[in-house]
Amino acid sequence: MAVAHLTLDPAFVIAPVDRRLFGSFVEHMGRCVYTGIFEPGHPAADDDGLRGDVLELVRELGVSTVRYPGGNFVSGYRWEDGVGPRGDRPRRLDLAWRALESNAFGLNEFMRWAALAGAEPMMAVNLGTRGVEAAAELVEYCNLPDGTAAADLRRKHGVARPHDVRLWCLGNEMDGPWQIGSLTAREYGRLAARAGHAMRRVDPSIELVACGSSNSGMPTFGAWEATVLEEAYDQVDYISLHTYYDPEKHDEASFRASAVDLDGFIDDVVATADHVRAKLRRSKRIKLSLDEWNVWYQSRFTEPEDRDIEELPALIEDDYDETDAMVVGNLLISMLRHADRLAIGCQAQLVNVIAPIRTEPGGRAWRQTIFHPFAHTARLARGTVLRPALTAPAMTTGRYGEVPAVDAVATHDEQTGDLTVFVVNRGTEPVPLDLDLRAFPRHRLARHHTLTGETSPAAAPGSQILLPPVSWHALCLTPEES
Ligand code: AHR
């Protein structure tokens, strides 16, 4: 049996672990909000309709940051519709998903929910049907204490303290022909720069994310990022990446090796952003925000045009298996490996819509398989990310050729001394893993988490750990008392 060897050294530092990598996404889409996080009258809901059973799972998942309110939804959304007395809120046709939007849940409900979830809000502004003025007024509503029309409106709505939102997305997937109000790269770059400029006049401390390509398969990928950054480099802090992996689109081995694609995608966007930096002779480096990523059985998706208008369509409620969970765990490994430039990650989405958490209206809430690698990684990745030296047997894929069957990354908490190694075997053969810990001579394997639970480590120091086919692992190593 071919063996994998993994060597760890505290000197192989990539970057500190940024908690914002463990973000998620709540969009007004399908049943993510309504009957997902918000369901007045549900036995577990509070007086505002926020489901306590879902909040408990969200806290267990460990999400740090939640993007809201879209997604494609934001490109036709008037944020003013979702604030103020519920009885006065309009019922609208959501153009993105051709769904009826009651506006019973809006900005202030989301902020209260995010606080209860212990998550930082990340707001998106509408640059599809709206623009500079509405974006700046939204920042004013959220972040100014009082004394201006929008801030005083928030106070009138019963929210005295500003929400103090740091992270703002300048639109969503503005290159996509499906996007309401899609633009060319030049048009979008200019609009993003103007909107960002005005938003920063309201609150200079906010951080801004420009839209990158909707995915790396877009015909304008690369050129889009370069043009947008040429126009908006000085205004923005991040460029976004979106990527979804469809288990049914390519051969199965390629799906299992999806993280190879994510590695290349991130590297390409870093190279493009740095190319623009050189061209503009700037010192600032643009960071990356992977603010939509997940496994999505996209080939099963029915386009909005082909559906009837409904109030609560059950959209893309994918059921996940263990292979999907391994892929999600591997994507998180890839994200940690790029922690020197990738600062934000939002798994899309949080509840019901391609989500780790599912709910029944009026009934229970439960964890999907993809919940587990996310929750473990968010909880265990602490301190700094270490790059392991890894040799592994190869596997053959249709899209990427020969790739290593085993992939891994590690984190090292300098304060506690704890080391965690996140490993996947994405091949179909079992692989014994040799851990070389010569730089950590006092560390012993204390816990071994898998997708199906926690096992007591059978491994004595220096022995091998068997990685079954298509499996995800978190190996927790702690220093022995001397
Ligand atoms: O997450 C579902 C949708 O996928 C989002 O609304 C959109 O941004 C992306 O295309």
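Modeller: In the class counts below, Ala, Val, Leu, Ile, Met, Phe, Trp, Tyr, Cys and Pro count as nonpolar, Asp, Glu, Lys and Arg as charged, and the others, Gly among them, as polar. The model is predicted, and every value here is computed from it.

The ligand takes up the largest pocket, whose space amounts to about 940 Å³. That pocket has a lining of 43 residues, and W178, N215, Y244, W296 and Q298 are the ones nearest its centre. Strand 10 has the largest share, with four residues. Sorted by class, the pocket lining consists of 17 nonpolar, 15 polar and eleven charged residues.

The shell around the ligand is made up of F25, E27, M29, G71, N72, W97, N172, E173, Y244, E292, W296 and Q349. By class, this shell holds five nonpolar, four polar and three charged residues. Y244 and W296 belong to the shell, and both are also among the residues nearest the centre of the pocket.

For E27, a polar side-chain atom is 2.6 Å from an oxygen atom of the ligand. For E173, an N or O atom of the side chain is 2.7 Å from a ligand oxygen. For Q349, the corresponding distance between a side-chain N or O atom and an oxygen atom of the ligand is 3.1 Å. On its own the ligand has 280 Å² of accessible area, and the protein covers 95% of it.

Q349 also has a backbone feature. The peptide bond that joins A348 to Q349 is cis, with omega about -5°. Q349 is in the loop between strand 12 (342–348) and strand 13 (357–359). Another backbone point concerns R98, a residue other than glycine with a positive phi, near 50°. R98 is found in the loop between strand 5 and strand 6.

Over the whole structure, a search finds three cavities of 30 Å³ or more. The second largest cavity has a volume of about 80 Å³, and strand 6 (residues 99–101) supplies the largest share of its lining, three residues. The lining of this cavity consists of H28, M29, G30, Y34, D94, A99, L100, E101, E311, L312 and P313. By class it has six nonpolar, two polar and three charged residues. M29, part of this lining, is also in the shell around the ligand.

The largest cavity has a volume of about 110 Å³. Its lining has 14 residues, with Y77, W79, A124, N126 and L138 nearest the centre. Strand 7 (120–125) and helix 3 (132–143) each provide at least two of the lining residues. Twelve residues of this lining are nonpolar, one is polar and one is charged.

Conventions:
Residues are numbered from 1 along each chain as its sequence is written. This is a predicted model: local features need pLDDT of at least 70, side-chain atom pairs count only at pLDDT 80 or more; totals for chains, interfaces and linings use all residues. Side-chain values use heavy atoms; hydrogens and water are left out. On a 1 Å grid over the protein atoms alone, a cavity is a set of points where a 1.4 Å probe fits but cannot get out, and a pocket is an open set with protein on both sides within 12 Å along at least five of seven lines; lining residues have an atom within 4 Å of a point. Grid points are joined across faces, edges and corners, and a volume is the space filled by probe spheres set on the points. A residue is near a molecule or strand if one of its heavy atoms lies within 4 Å of it. A polar contact is a pair of N or O atoms within 3.5 Å; within protein, one must be able to donate a hydrogen and the other to accept it, and residues adjacent in sequence count only if both atoms are side-chain atoms. Accessible areas come from the Shrake-Rupley method with a 1.4 Å probe; for residues, only the protein chains shown count as cover. A molecule sits in a cavity or pocket if more than half of its atoms lie within 2 Å of its grid points.
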